Amino acid sequence: MNSRYLCPVCKSDLKIKNSLIFSAHTENGVHGLVLLSPELGNYEIIHSPEFIYSDGERVEFYCPVCHSDLSNREVNSNMVEVYMIDETGSSYKIIFSKIAGKKCTIKMKEECIVEFYGPDIEEFWNFWGSGPRY
């Protein structure tokens, strides 16, 4: 997968090798780095053993370069937003849940949902209406 993932603020690359890298902190004030799979729908997470959080806890994500908060405040502050440029040069907005254990990812082109992933999509669906706009 040769897609690039970028910070929506500073446009720095967030992907190194096979991981998206974020600075993060939990509701309890625990700070650390989080590595996510760049494969949409793959919810594998890598972090240090000291970065402890519980399912249902909100984890804040930040750009590791400019330290901007990556929350999607326009739609839902419980979601994170980054940009993806695929192998063909097409750009997308990727939005995913920042609630630990919630598996939901939305791929958007302009303001239209292109694809969605994860078993918890229904919990976030109302933010985009009753269905995708094609």
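The structure is a predicted model, in which local features need pLDDT of at least 70, side-chain atom pairs count only at pLDDT 80 or more, and totals for chains, interfaces and linings use all residues. Residues are numbered from 1 along each chain as its sequence is written, and side-chain values use heavy atoms, with hydrogens and water left out.

The protein contains 1 helix and 11 strands; helices (H or I, at least four residues) and strands (E, at least two) are DSSP runs, numbered from the N terminus. From the N terminus on, the order of elements is β-β-β-β-β-β-β-β-β-β-β-α. The radius of gyration, taken over C-alpha atoms, is 14 Å, close to the 14 Å that the globule rule gives for 134 residues, so the protein is as compact as a globular protein of that length. The globule rule is 2.2 Å times the number of residues to the power 0.38. Along the principal axes, the C-alpha atoms fill a box of roughly 45 × 30 × 25 Å. Of the 134 residues, 43% are buried, where buried means under 20% relative accessible area, exposed over 50%, and partly exposed in between (1.4 Å probe, protein chains only). Contact means heavy atoms within 4.5 Å; among contacts between residues at least 6 apart in sequence, 40% join residues at least 24 apart.

A nonpolar core is a set of buried Ala, Val, Leu, Ile, Met, Phe, Trp, Tyr and Cys residues joined through side-chain atoms within 4.5 Å. The largest such core has 21 residues, and those with the most contacts inside it are Tyr5, Phe22 and Phe61. Two or more residues are given to this core by each of strand E3 (19-26), strand E4 (31-36), E6, strand E8 (76-85) and E9. Apart from it lies another core of 8 residues, including Ile95, Cys104, Ile113 and Phe124. When residues up to four places away in sequence are not counted, Tyr5 touches, among others, Leu20, Leu40, Val82 and Ile94.

Rings of Phe, Tyr and Trp (its six-membered ring) pair if their centres lie within 6.5 Å; planes under 30 degrees apart count as stacked, over 60 as edge-to-face and the rest as tilted. By this rule there are 4 aromatic pairs. One of them is the edge-to-face pair of Phe61 and Phe96, with 5.6 Å centre to centre and 85 degrees between the planes. This pair links distant parts of the chain, as Phe61 in strand E6 (residues 59-62) and Phe96 in strand E9 (residues 91-97) are 35 residues apart. Both Phe61 and Phe96 are buried, and together with Phe22 they form one aromatic cluster.

A charge sits over a ring if NZ of Lys or CZ of Arg is within 6 Å of the ring centre and within 35 degrees of the ring normal. The charged end of Lys107 sits over the ring of Tyr92, 4.3 Å from its centre, and Lys109 lies over the face of Tyr92 at 5.3 Å from the ring centre. Lys107 belongs to strand E10 (residues 105-109) and counts as buried because its relative accessibility is 11%.

Most residues other than glycine have a negative phi. Lys17, although not a glycine, has a positive phi of about 55 degrees; Lys17 lies in the loop between strand E2 (15-16) and E3 and is exposed, with a relative accessible area of 73%. His67, also not a glycine, has a positive phi of about 70 degrees. His67 is found in the loop between E6 and strand E7 (71-72) and is exposed, at 55% relative accessible area.
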